[in-house]
Each structure stands twice: as C-alpha cells, then as structure tokens.
Amino acid sequence: QVQLVESGGGLVQTGGSLRLSCVASGRTFSSSAMGWFRQAPGKEREFVAAIRWSSGATRYADSVKSRFTISRDNAKNTVSLQMNSLKPEDTAVYYCAAVQTLWDLKVKAWGQGTQVTVSS
C-alpha cells in the first residue's frame with residue numbers, strides 16, 4: 001500500500017504560479033512512476049504530468065506543456081508540480097497518484113486532492 005499526502009494549492013490570479021507537493025510513503029517500490037491528475041467541476045479526471053522515479057524522465061499533457069514542471073526528490077520520496085502562467089481553465093482539484101509506469105498510467109494509489117483556483 002502506498003500513502004500519498006499532498007500540499008500546496010490555493011487561490012491565484014491569472015498568470016500567477018503555484019507549487020504542489022506530494023510525499024509518498026509505504027510500498028513506494030511497487031510503482032515506478034508518479035503522476036499528477038486534475039478534475040474540474042463537471043469534467044472527468046485528466047492526466048497532467050508524470051515522472052519516473054529512477055531516471056526523472058517526464059511526460060506532460062499538451063495543455064500544460066511549457067507551463068508546468070514535474071520534479072522528484074528521491075531522498076524525500078517527494079514529487080512536486082510547479083505551475084506557472086496559470087489560466088482560469090487550470091482551476092481543478094489536483095491529485096497526486098502512484099502509477100504503474102511512465103507510459104502505463106494505471107493508478108495504484110491516489111492522494112486526497114488539493115484545490116487550485118485561478119481567478120480571471
């Protein structure tokens with residue numbers, strides 16, 4: 001079992017920045033990658049970004065490419081999501097997830113979610 005605890009999020013104006021963090025504990029070795037997903041009101045949960053624990057290789061959704069950066073700190077079992085140039089359409093609950101691999105996003109565990117609101 002993997003436990004994920006998120007922090008960060010909040011309210012920011014258009015064009016602003018926020019940083020989300022996720023600390024993983026438990027059977028972290030059961031998942032080779034970590035991801036961030038988001039869910040806006042009335043919409044399905046969607047993929048945002050992912051990173052492989054070992055190599056730091058990353059992948060992003062087209063909608064956030066060049067604005068968001070995912071990173072990891074293996075020593076602290078922490079994954080972060082730096083979000084710049086935020087837009088109102090980025091408003092959502094953001095979830096950290098332990099995923100099968102960088103290219104197989106089968107989720108093995110979810111965080112509790114953190115709200116990000118971007119005002120226009």
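Modeller: What follows is a set of questions and answers about a predicted model.

Biologist: Let us begin with the cysteines. How do you know that C22 and C96 form a disulfide?

Modeller: The sulfur atoms of C22 and C96 are 2.0 Å apart. The cut-off for a disulfide is 2.5 Å, so the pair of C22 and C96 at 2.0 Å counts as one. A search of the whole structure finds one disulfide. C22 sits in strand β3 and C96 in strand β9, 74 residues apart, and the pair thus links distant parts of the chain.

Biologist: What is the handedness of the link, and are C22 and C96 buried or exposed?

Modeller: The angle about the S-S bond is -75 degrees, and the link of C22 and C96 is left-handed. Both cysteines, C22 and C96, are buried.

Biologist: Why is F37 called buried?

Modeller: The relative accessible area of F37 is 7%. Buried means under 20%, so F37 at 7% is buried.

Biologist: And why is W110 called partly exposed?

Modeller: W110 has a relative accessible area of 38%. Partly exposed covers the range between buried, under 20%, and exposed, over 50%, so W110 at 38% belongs there.

Biologist: Why does S71 count as partly exposed?

Modeller: S71 has 27% relative accessibility, and the limits are 20% and 50%, so S71 is partly exposed. S71 is placed in strand β7. Leaving out residues up to four places away in sequence, S71 touches R19, I51, T78, V79 and S80. The C-alpha atoms of S71 and S25 are separated by 17 Å, and these two residues are 46 residues apart along the chain.

Biologist: Now the rings. What makes the pair of F37 and F47 edge-to-face?

Modeller: A search of the whole structure finds three aromatic pairs. In the pair of F37 and F47, the ring centres are 5.8 Å apart and the planes are at 70 degrees. Centres must lie within 6.5 Å for a pair, and planes over 60 degrees apart count as edge-to-face, so F37 and F47 meet both conditions. F37 in strand β4 and F47 in strand β5 are ten residues apart, and the pair links distant parts of the chain. Both F37 and F47 are buried.

Biologist: How do you know that F37 and W110 form an aromatic pair?

Modeller: The rings of F37 and W110 are 5.2 Å centre to centre, with 70 degrees between the planes. With the limits at 6.5 Å and 60 degrees, the pair of F37 and W110 is therefore edge-to-face. F37 lies in strand β4 and W110 in strand β10 (residues 107–110), so the pair ties together parts that are 73 residues apart in sequence.

Biologist: What makes β4 and β5 a pair of strands?

Modeller: Six bridges join β4 to β5, and the two strands run antiparallel. At least two bridges are needed, so β4 and β5 with six bridges count as paired. The bridge partner of M34 is I51 in β5, and W36 stands opposite A49 in β5. The hairpin of β4 and β5 has six residues between the strands, with G42 in the turn at a positive phi of about 75 degrees.

Biologist: Why is β4 called mostly covered?

Modeller: Six of the seven residues of β4 are buried. Buried means under 20% relative accessible area, so six of seven residues of β4 fall under that limit. β5 is mostly covered too, with five of its seven residues buried.

Biologist: Which residues touch the most other members of the largest nonpolar core?

Modeller: This core has 35 residues, and L4, M34, W36, L81, M83 and Y94 touch the most other members. The largest share, six residues, comes from β9.

How values were computed. Residues numbered from 1 in each chain as written. Predicted model: local features only at pLDDT ≥ 70, side-chain atom pairs only at ≥ 80, totals over all residues. Heavy atoms only, no water. Core = buried A, V, L, I, M, F, W, Y, C linked by side-chain atoms within 4.5 Å. Buried < 20%, exposed > 50% of the residue type's maximum accessible area, 1.4 Å probe, protein only. Helix = DSSP H or I, 4+ residues; strand = E, 2+ residues; numbered from the N terminus. Contact = heavy atoms within 4.5 Å. Phe/Tyr/Trp six-rings, centres within 6.5 Å; stacked < 30°, edge-to-face > 60°.
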